[in-house]
Amino acid sequence: MSLDHGLIRRLRTEVADAIATRRREDAAIGLTLSPDDERMYARSLIARALEQHMRVELEQGRVPPDAEEEELTAAAVHAALYGVGRLQPLLDDLDIENIDINGCDGVFISFADGREVVGEPVADSDDELVELVQTLGAYSGLSSRPFDTANPMLDIRLPDGSRLSAVMEVTQRPVVSIRRNRMSKVFLSDLVGNGTMDEGLAAFFRAVVAARKNVMLAGATNAGKTTLLRALANEIPPNERLITVERALELGLGEFNELHPNVVALEERLPNSEGQGRIPMAELVRRSLRMNPSRVIVGEVLGDEIVTMLNAMSQGNDGSLSTIHANSSQEVFNRIATYAIQAVERLPQDATMMLIAGAINFVVFIRRDNQYGKGGRLQRYVSSVREINGVDGRVLSSEVWAPGPDGRARANSPISCIDDLVAVGYQPEIHGRWSG
């Protein structure tokens, strides 16, 4: 059914103005509507606006929307206010994996089974697309994130957990990329089931988490690093206090109270229009150490926060987790050194290698193949696990799980800290052929 998007835009503006007026009036007398109450109020305004529209249509001798059209229009107006507008049907389709938008009418959709199709326009103009992204930036995360000429790049988490990245001004038309998160509540058993790892490796990871080893997860874009991090985090006992630090809220560990009732999520704050108020990742990592964490989880390392994070890992915050972009488990060390030399501390390479050796216990590499396996799913799997053994000018490591004939990780060499893993229930004679 084709909706009248012009009507939806008009009603959205009308209702948004009414909500803004209500907010001002409430603020003047010291009241504040809760988010749930405001949405209920918005629904009543939408119903009232639609009723007025139908009355005008009848008076003008036109056929008003039927009950189904009215319901869909009301949902679309609500989505435009609090959701993702005309993107909503795409996000409701669980088979869609990625959405790339090159201008309002250049919509390319990738499905989990490998299909790639051209979609319908998600806006009537590029200006409307920018307005949609601006609305999402204003309501996503812990603070408003601008998207304009002065701030032409935006990264946010959508209400369903998907990641949105947008740019403008540096491209001829605004560009939006959305990476779906179809596994927000995920366990190691789920990853065994979809072929990411076998049961032996899953048992090893359970022991690594239980023994409070520090783990760095590496891989290319869209390899599944965040999904694996969530699965590892869900092995952490519910009585532990977790502090997560992210550029844009994405992990969502606090959404499942039965798994993690004590979670504090910290999000990097961008500067305002005057260039003031920025709180960078490195500062958030430092702040997290003063908040009595059982473990610190850094969503993704992309810059100078690496030094602060490694210092935290080496100073008693055992069991920390993080992710980093890299093309192999061995490359992680050079990538960290590159970030460290850009930090305020400007650590030389030998100092960085000493810091890595004292902070990280294991590096896990997850690979994405551009091939499709069972069920038409892209193949993502753990292919390598390195244990950090020390430093001698460079980081010394052993590949305790290495790629097998099919590229998937297989037990490969002795584990130095095997006694720590055995102490928490790991059985190498069953789960892996190496016992040290």
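# Reading burial, cavities and pockets

At 1% relative accessibility, Val364 counts as buried, since buried means under 20% relative accessible area, exposed over 50% and partly exposed in between, with a 1.4 Å probe and protein chains only.

User: What kind of model is this, and how are its residues numbered?

Analyst: This is a predicted model, in which local features need pLDDT of at least 70 and side-chain atom pairs count only at pLDDT 80 or more, while totals for chains, interfaces and linings use all residues. Residues are numbered from 1 along each chain as its sequence is written, and side-chain values use heavy atoms, with hydrogens and water left out.

User: Where is Val364 found, and which residues is Val364 in contact with, leaving aside its neighbours within four places in sequence?

Analyst: Contact means heavy atoms within 4.5 Å. Val364 sits in strand E12 (residues 362-372), where strands (E, at least two residues) and helices (H or I, at least four) are DSSP runs numbered from the N terminus. Once those sequence neighbours are set aside, the contacts of Val364 include Phe205, Leu217, Leu228 and Val382. Buried residues make up 48% of the 436 residues in the protein chain.

User: How many cavities of 30 Å³ or more does a search of the whole structure find, and what lines the largest cavity?

Analyst: Rolling a probe the size of a water molecule over the atoms shows where empty space is left. On a 1 Å grid over the protein atoms alone, a cavity is a set of points where a 1.4 Å probe fits but cannot get out, whereas a pocket is an open set with protein on both sides within 12 Å along at least five of seven lines; lining residues have an atom within 4 Å of a point. Here the search finds 3 cavities of 30 Å³ or more, and the largest cavity, with a volume of about 50 Å³, has a lining that includes Val285, Met309 and Ser320. Helix H10 gives the most to that lining, with 3 residues.

User: What is the volume of the second largest pocket, and which residues lie nearest its centre?

Analyst: A volume is the space filled by probe spheres set on the grid points, which are joined across faces, edges and corners. For the second largest pocket the volume is about 710 Å³, and among its 28 lining residues, His5, Ala76, Gly85, Arg86 and Pro89 lie nearest the centre. Helices H1 (5-28), H3 (67-82), H4 (88-92) and H5 (126-139) are the elements that give two or more residues to this lining.
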